[in-house]
Structures are given as structure tokens and as C-alpha cells.
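Dear colleague,

I am passing on a structure to you and would be glad if you looked at it before reading my notes below.

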Amino acid sequence: MKMFSVAHKTVFVVDHCPYMAESSRQQVECDVLTKSRAQGVIPLAPVSKSLWTCAVECSMEYCRILYDVYPKDKLVNYLVSDSEFHILNSWRREDQSTHELMSALAAVGPPNPREDPECCSILHGLVAAVESLCKITELQHEKRTALMDTAERVANRGRIICLTNAKSDTHVRMLEDCIQETILDQNKLAAGSDRLMGIQQCELVLVHIYPQGEDTLVSDRPKKEISPLLTSEVHSVRAGRHLASKLNILVQQHFDLASTTITNIPMKEEQHANTSANYDVELLHHRDAHLEFFKSGDLHMAGTSTRENGFKETVTLKWCTPRTNNIELHYCTGAYRISPTDVNSRPSSCLTNFLLNGRSVLLEQPRKSGSKVISHMLSSHGGEIFLHVLNSNRSTLEDPPSISEGCGGRVTDYRITDFGEFMRENRLTPVAESSHDPLRKLPVERAKAQLERYTRYWPMIISQTTIFNMQAVVPLANLIVKETLTEEDVLTCQKTVYNLVDMERKNDPLPISTVGSRGKGPKRDEQYRIMWNELETLVKTHAGATDRHQRVLDCIVACRSKPPEEEERKKRGRKREDREDRAEKNGSKEPEDKSWQDSERLKGLLEKGEQDAEVIKDSPDSPEPLNKKPRLLVDEVQPPERAKGPVSLLSLWTNRITAANSRKHQEFMGRVSSVNNKFELYQHLKEENGMDTHENGKASR
């Protein structure tokens, strides 16, 4: 592995030509004392910075962050270009500070707008930047001296950041061609010199600055390889705060930095000393400080949010009560220098002064529930502030957990059997050099590519997957990870998809995990929606490999788009499941309540009239009319008393059938005229003999 990356050397080339003296048109208010101004005082007019001032301020902010986080091994060489180039510092360590650069810039002064533009060019600075990259730094010299026999391992790479006002895209291409030719010429000179090193890789970052309110003449372009030695990218940015945001993003990209925002920092107000307010401070540091979040997948739990620029994310950590005794703190697994994003703001200044006075601050992950997790700590050492990463997971000094126990004892349903099969499919075996085809990839590269394909989507926990718990999906899951598919493989995958569609049509159950959920879990159509989403996610990760992989994805997408009659069938199924759920909920109530509801439902059925009777008459299950039973009127059907206990299903059904059958024939005259279900026979004979009758049916004289 060759030493020294592109980030080791950075050359800033800032345009100092007359057109850089043009106004940026971003106004800065100078008159801020509007309320206390006396009458008759003319307010100060707003001012605007020039393009040169904006370029210098933003480039100095870039250098400040770089020096804060990497004070030793990342170097900057600052050049200014007008009618000639001006080198403001060297690669020596004593010249690497913002104080040295600001002093040199003060000596250069602003651009002269009356200077002849034809004599000025950014090319002078770009040629000098390539020559500067060929010079050996102290660190490179030390490594070359220590590795006399293998000095070629010390690579020479660098980056050129050019801040200018380009004329057009053609002008940009001309600058790139000039740098390419200069690199080739300087490499020839370096080949015959011990004090120079040839350039193996150079990155050109061209930032086109234009005033606000104007249209840009230069198009943005992502990183593009001009030649094996040169890559180039173009950024077209408005001057002012937009340029500051762009260089803040670039410094994070170039040096693997990440952002952390400290929230809820208590700070006393200047106007009211007895009150305090909470503030936020954003810090930049090496991205390894968030490595534990990425490993555990808890980055969303740490409060990740996207900033206004829409590119970089910041992790939010909450302020904890400061501790004065560092001995009580947990042990840390890493310490990284920090740099405030807005170094001149009052919250940033108060925080840095607080920490430089020997105090330490614990930072916790904001969580909606559960105990707080302290993951980081801010503390200073030797006048420098570090972000310490505290071990919030299981200690590496303890015995490792068994696989049945899970990571930290929290997860237990690992796919152990599937992982064993995964290891068998990805075993490495020695390969003889004679059997290797030089036209193909190296065996180790093919093995890495296969491992990457197999792990694009591979859930580790049983409860996090559905398709890998289904035997019906196994053929598709085994084939889709292949580098190429045959026509037979595509047909097998499509057949698997059709089988899943048939399962959904039959409403077959799916192995959905209900761990941590109450009740029966999601409904059947929701289960299939989860299954189809996961299957589509799996196939999408491989759809770009070949056209046949894409055909499998197209088949899944086509099968997921249901016809209208299928949607209507699913809607009826959902209504049926809802009725079953309501029936189960009602079954959990008291039996008396159920019998009372059934009685009310019975009364409602009887009130439907003759139409219901005709339906029951035509039913093949309806029994013959019971002629010996008395006819009951609707008003006489009384619901069973709740105090008598529950009514059996047989009683409910018998009462319903009896009431319905009573309407199908003419009732017996004696039963209609009976008293207390009793009717006296031969009443006409008693009337002829002069006997009287009573209501109870007994005769009396």
C-alpha cells in the first residue's frame, strides 16, 4: 500500500485579477443601532464584499478547519495569481498556520481594478501549483529516508483548489488541458532530480465564483477523469454564504470529516444574568467518531438530520451535566480533534472556553423512551479539545457472548442455520497460478465480488425478514445473487413469483414474526404487502447486473399491480376479517351481555315481517310447521331475563323458528280464544242449559 493520499498536499490558487474586485452584491448591514440612534443622524449605508474578499474568507475557513483537525500531516500551500504568481507559504511545518497566511494576504492586498486584465491570468498560479506539488515535503523526505530500498512506496499525490471567475465552459477545458501538459512536463523534470517527485495523481477542484443576481456561465460537473494522472470537477457557486457552505462541504469530503451538533447547551443571557437559554453548537471532526453508530445501525437513534445544504448530515447529541472528576468517566475507545463550524459565534466561544478551563461534558443520544445512553465526551488536553468516543456497548474486555445469547444479550433470534449455509457457499480455496486466466479477474477479486453480491441484502435476524423464512422463495433467493442468469433461471424465478401470487389468492398464511407485538399481528393482506416489499427490495439490489435480472424485477412489479376485481376480493376479505375480530372481542365480554344482545337481534329479525318468512320457507333447511305450538305475537316475544343466566344457542334458534313458522298457517281458533292457554269445550251446551262461565273456564250456577 502506497503512503500519502491526495489529502496530504493541498494547493490553493486564488484569482487576484481585476475582475475579482467586483462586488458580490450580498449586502452587509453596518448600522445595527437603529433603536438608540439620535434624531438627525443619517443611517449608515449597507456595504457588500468583493469576490476577492469572499474567496479569501472562505478559503481561510477551509484552512482553519483543516489545521484544527489535522495540525501536522495535512499541508496547505497558498498561491495568488494575477500578472504573475505569488507563493504565500511553503510546505514547511512552521508555515502551516492561519496566522502566517493572513499576514501574507494582508501584504498582497486587494486586486487593483485599474490593472490591465490582458496581463492577468489564473494560468500563472495553476502552473506554479503543479510545480509546488512536485516539491518534497518533510514527511515525504522522512519516509523516503527510512525506506531507502523501497522508496517507490512513497507516492506523491495532491489536490489543487482553484477559486476564480471563469468565462465559460470552454475556458474551463482550456485550464484543464494546461494543467495536464504541465504535469507531464514536471514529471519529466522530476525523473532526473533527487529533490523533486513525479505526480502520480492530481485532483483539480475548480470553483467558479459569480456575483449574486447574475446567471452563471459555467456549468457544474462532477468528478471526471481527464487522464490517469488528472481528475477534475467544477462547482459554480454564488459569492457570499453560498460559497462558504460549498467550501464547508468540500472540506468534509476531502478529509473524511463528519458533523456533530451539541444541543441543549445551557448558557446565561447577556442582558439577563439570572436567566439562561439553550443553544446548539455544530462541531466538525473525523468521521470515525461516528463509527460505532454505523456499525450498530443506530445512526437514526442518535438523531441524524440533514442540514440546509441538503448534502451533509449532522448527528445530534444532547448536553449532560458536566463532570469535574475525569476518573469517574467511562473508558473511551477513541479521541478526535474538533473544530467549531461557526467559530466566531457566542455559543461556540462559550463552549470552547468552558472546555479549555478543564471541564468535561458528557453527551448522550436523544431517545424518546428508555434509559439515556452516554456515547461521547468533550474534554481538552494540552490546550486542544477532543471528542472522546465512550463505549456504550458491551465491553471488549469481557468474554464474548455466545451466539445464542446475542450481541450484548439483547438479540437472540439470529439466522444461525442460514448463516452456516452462507459460509459454505462462500468458502475460499487455493488456486494454482497456472490455472488462472490472465484475461479474467483475479480469483480473490471474484471472491470479493461474490461476497458483495451475497451480502447486498441479508437480514441477520429472523424477525426482520419474511421471504427468507419462506420455503417458496428459496429458488429465487438462490438464483438472483448469481452474476449472470440463464433463460432457465429466469423462468424459475418467474415461476416462484407466480406461486407467491397463487398463495396470496388462496389467502395462505405467511411466517410473519409477532415478536414484540400484541394480538394476532398484521392482517393477511398487510402480511403479503410486507412480503412483496421485501422481495422487491431483494431483487432491486441485483436488477442492474444484467437484463435478465431486470426481467425478474419487471415480473414482480407486474404481479403486484392487481386488477380491479382482485382488489374487490381483497376488500371483501378484509371486511370478513374485521367481523371475525369483532366477534372475538365480543366473545370476551360477560355471557349475560351476549345473551341480551342476541335477544335484541332476535327481536329485530322477527320484525322483518313476511319477507323473512318466505325466505325461510324456501330454505331446504327449514323444518315443517309445528301445528301443536301456540302462535306467539311479536310483542309477546320477551327477551330472556338477564338474571336467569345465559340462553343456549338451541333455545335462541328454536324461538326464532317457532315465531317464523307461526306466520305460515291460520292459527287454531281455540288457541286464539284461550284464557291462560286453556279453552273450555262445549260452551254452547252449557249456554242452552242456562249455565254461566267464568274466566277460568269453570261453570257456576
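Predicted model: local features only at pLDDT ≥ 70, side-chain atom pairs only at ≥ 80, totals over all residues.

Residues are numbered from 1 along each chain as its sequence is written, and side-chain values use heavy atoms, with hydrogens and water left out.

The protein chain has 20 helices and 20 strands, which are DSSP runs of at least four residues (H or I) and at least two (E), numbered from the N terminus. Of its 701 residues, 37% are buried (under 20% relative accessible area, whereas exposed is over 50% and partly exposed lies in between, with a 1.4 Å probe and protein chains only).

Asn77 is found in strand E4 (residues 75-81) and is buried, with a relative accessible area of 2%. Its side chain reaches the backbone oxygen of Asn89 at 2.5 Å, and the side chain of Asn77 also makes a polar contact with that of Ser132, at 2.5 Å (a pair of N or O atoms within 3.5 Å; within protein, one must be able to donate a hydrogen and the other to accept it, and residues adjacent in sequence count only if both atoms are side-chain atoms).

Phe679, by contrast, is partly exposed, with a relative accessible area of 42%, and its place is in the loop between helix H19 (669-672) and helix H20 (683-688).

Best wishes
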